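Welcome, and thanks for taking a look with me. Here are a few notes to read beside the picture, in the order I would walk through them.

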Amino acid sequence: MHSVLLIDDDHEMSAMLTELFKRESVELSVVDDGVKGLDAALNGDYELILLDVMLPGIDGMQLLQRLRQQHRDTAVLMLTARGDDDDRVMGLELGADDYLPKPFNPRELIARVRALLRRTANTTMQAEKLVAGGFELDPAKAEVSCDGQSLVITPTEFDILRCLMQQAGQMVSKDQLSVAALGRKMGPFDRSLDVHISNIRKKLPSKPERIQTVRGRGYRLTTQV
Amino acid sequence: MNEARKRPKSRWYHSLTWRLLLLFWALLFFTASSGYFLAVWNRAAPEPKPVAEPIRRTLQPLLEDPATFLSLQPGRLLAGDYRVAARVLESGQQKLMLDDFLGERYSQTLLRFLNYDKTMQMPLDDRLLIGPFELGGNKVLITRPLQAQEWQDQAKAERELTRARAWTILSGSLVIAILLGIWLIRPIRRLSAATREIAEGSAEPHLAKLPQRRDEIGELARSLAQTAKDLATSRDAQRRLLSDVSHELRSPMARMQVALDLTDAAADDRHMQQLRRDTERLNSIIERILSLSKLENGLVNLNREDVHVGELVTQLVDDIHYANAELGQRLQQHDGDWPILQTDPELLRMILENLVRNALHYTEGPVELDYRSVGNQHRIAIRDHGQGVAPELLEKLFEPFYRGDPSRTHKSGVGLGLALSQRAATVLGGELSAFNRDEGGLEVVLLLPHY
């Protein structure tokens, strides 16, 4: 049984989602309030957090921000209102792993949750250590360091880095990175990947530019440091 | 209360009407009087100059004999063309004698000339006046007709003088006109820039110090600022309402979808299928209505960037082909150059996708995507090979919920695609229109401005 935390104040919906996920052998714990949600996220041991944006107490964005400030790298899937681009970009910038606009197709939600859970699990399975471009990545411990300094990164960022490191020095296409890290192909105007990359860059020492952009096509991890 | 305090006190002389009236009056008066003075100035007598040496040398020897000097009567020919113009004796009966003709017209000038200390010369109409020559307290003035060369010199000097004065007046009035123009135009420019800012959604347009002015422009600026604030308030209210409405509509929709999914698989009969389809449909209608409402109320945040339209179109065609190869094969893409536009890629893609899908759904034949640059506009056209649309219905195509052919309701959408596209085109600063082509079929044209 996977354990997933749902923070949403729509009780009817939460009840149905709990039932739905039980069939998929995922145990859903429900919290209906921002403050309690943050508490649960910080103290509980969850593989994934499903986070609604509109919440009583503190809203989803603030919750996410505080969670990441506490250096908790639990995977987070944001449930945003559809069409509100600002929300979805902001969520990703604050460190969400992925987002799903409401109302969602339940199968889509299950697919996204499965993809995220599989990746969190994967991280611990492939024990082969990777070293490239000044980075050291240890999948067994889910740890990354840059020039010996350890980094706190989310599972999605971890997967992106791993994908780049496996092909260090070569251009990795956006589609390939998206499949590896988000479990899906890029949609039109999907900026998720760009936001994740920019989040990683912010966590690295500012110089040199280790992750290079190949305009419009992909990214490359430079090996000349 | 706040507004009343901010509004400066205004008296009649702050009124632009009065100011303009007075200003134009003053300027017209100035122009008229400068013209008058120019005329007078030009006709003013030339200045006397010290006498030229050749003239002195001709006359001096003739005037050194006292007997001759005393015999000089005005009008008498002295030598050559030289004639006596006036004479003053130290004593005697007739102390002052003037030439009859000159004395009548220029007595003032002659008297002035007689009082000079030095011998001078000056043109006087068609003559040259020379003098005074003095001998023992007696004085004479001599005159002779102007010579050809002197005529020319004088005319030239006058012409130059006139030109210089004309230039002075011209450039002077130009400077005044420019200053006046700036004084009048600057606030108007600022105001029109502010209106543009308001149109782009600014709540506080940049008006500099205009609202503090006491004249009509200040009044206009103040009401503009107020309008901007009111507009922003109502836009915010609209935005909140829309966001609330969409949340309230979406939550039950989302629950319905989950509930349908939870319903036992055994109940997966005809009616359940219908229910699922209709939920999807309802969902898409709600999304489209919300988008339409956002576009119509100017609540869309534009992200303008360089858009490679060719790439965007290729991706669109690929996506349609991927979802349905039969539809994809009917699409023909313009193979010339596509432009790079400064525009919002998502809105542009939405417009093109709606138009292309519409054409594919309503007609059977090929659908062509074409691009041309026309004047200062980009023209993107989507052509189909169907039956076209009755001319009286062309306008209606862009109305929400209008459908060209009501019998095909299930195959086509809900009739919002074209309405959405048109609003989006307007938001991007362009326009959308539809024509029946002469060869048959409908052509929908998106015009976007060059930026």
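1. Let us begin with a pair of helices: in what kind of crossing does H8(B) pass H12(B)? The crossing is left-handed. Please keep in mind throughout that this is a predicted model.

2. Staying with that pair, H8 of chain B spans residues 270–296 and H12 of chain B spans residues 417–427. Their axes lie 9 Å apart, and the helices pack at an angle of about 30°. Angles under 35 degrees count as roughly parallel, so H8(B) and H12(B) are roughly parallel to each other.

3. Which residues bring these two helices together? From H8(B) come Arg288(B), Ser291(B), Leu292(B), Leu295(B) and Glu296(B), and they meet Ala419(B), Leu420(B), Arg423(B), Ala424(B) and Val427(B) of H12(B). Sorted by class, this contact of H8(B) with H12(B) holds 6 nonpolar, 1 polar and 3 charged residues.

4. Now step back to chain B as a whole. Its 451 residues include 22% that are buried, and the chain has 12 helices and 14 strands. Taking contacts in chain B between residues at least 6 apart in sequence, 58% join residues at least 24 apart.

5. One stretch of chain B carries an annotation. An unreviewed UniProt entry places a "transmembrane region" at residues 166–185 of chain B. In the model, that stretch is 100% helix and 0% strand, with 28 Å between its end C-alpha atoms.

6. Where do the two chains touch? Contacts link 20 residues of chain B with 19 residues of chain A. On the chain B side, helix H7 (216–262), H8 and helix H11 (345–362) each supply at least two residues. H7(B) gives the most, with 12 residues. By class, the side of chain B that touches chain A has 7 nonpolar, 7 polar and 6 charged residues.

7. Turning to chain A, you will find 8 helices and 12 strands. Of its 225 residues, 37% are buried. For contacts in chain A between residues at least 6 apart in sequence, 58% join residues at least 24 apart.

8. Is Asp52(A) buried or exposed? A residue is buried if 20 or more other C-beta atoms lie within 10 Å of its own; Asp52(A) has 23 within 10 Å, so Asp52(A) is buried. Leaving aside neighbours within four places in sequence, Asp52(A) is in contact with Ile7(A), Asp8(A), Asp9(A), Gly60(A) and Leu79(A).

9. Finally, chain A has a helix pair of its own to look at. Helix H7 (residues 174–182) and helix H8 (residues 192–203) of chain A pack at an angle of about 75°, with their axes 10 Å apart. An angle of 65 to 115 degrees counts as roughly perpendicular, and H7(A) and H8(A) are therefore roughly perpendicular to each other. Lys174(A), Leu177(A), Ser178(A), Ala181(A) and Leu182(A) of H7(A) make the contact with Ser192(A), Leu193(A) and His196(A) of H8(A). By class, the contact of H7(A) with H8(A) has 4 nonpolar, 3 polar and 1 charged residues.

How values were computed:
Residues are numbered from 1 along each chain as its sequence is written. Chains are lettered from A and ligands numbered from 1 in the order in which they are written. This is a predicted model: local features need pLDDT of at least 70, side-chain atom pairs count only at pLDDT 80 or more; totals for chains, interfaces and linings use all residues. UniProt positions are given in the numbering used here, feature names are shortened, and annotations may be inferred rather than shown by experiment. Helices (H or I, at least four residues) and strands (E, at least two) are DSSP runs, numbered from the N terminus. A residue is buried if 20 or more other C-beta atoms lie within 10 Å of its own, exposed if 12 or fewer, and partly exposed in between; C-beta atoms are placed from the backbone. Two residues are in contact if their C-beta atoms, placed from the backbone, lie within 7 Å. Axes are lines fitted to C-alpha atoms, for helices over the stretch in contact, and angles run from 0 to 180 degrees between N-to-C directions. Angles under 35 degrees count as roughly parallel, over 145 as roughly antiparallel, 65 to 115 as roughly perpendicular and the rest as oblique. A crossing is left-handed if the near helix is turned anticlockwise from the far one by less than a right angle, and right-handed if clockwise. Ala, Val, Leu, Ile, Met, Phe, Trp, Tyr, Cys and Pro count as nonpolar, Asp, Glu, Lys and Arg as charged, and the others, Gly among them, as polar.
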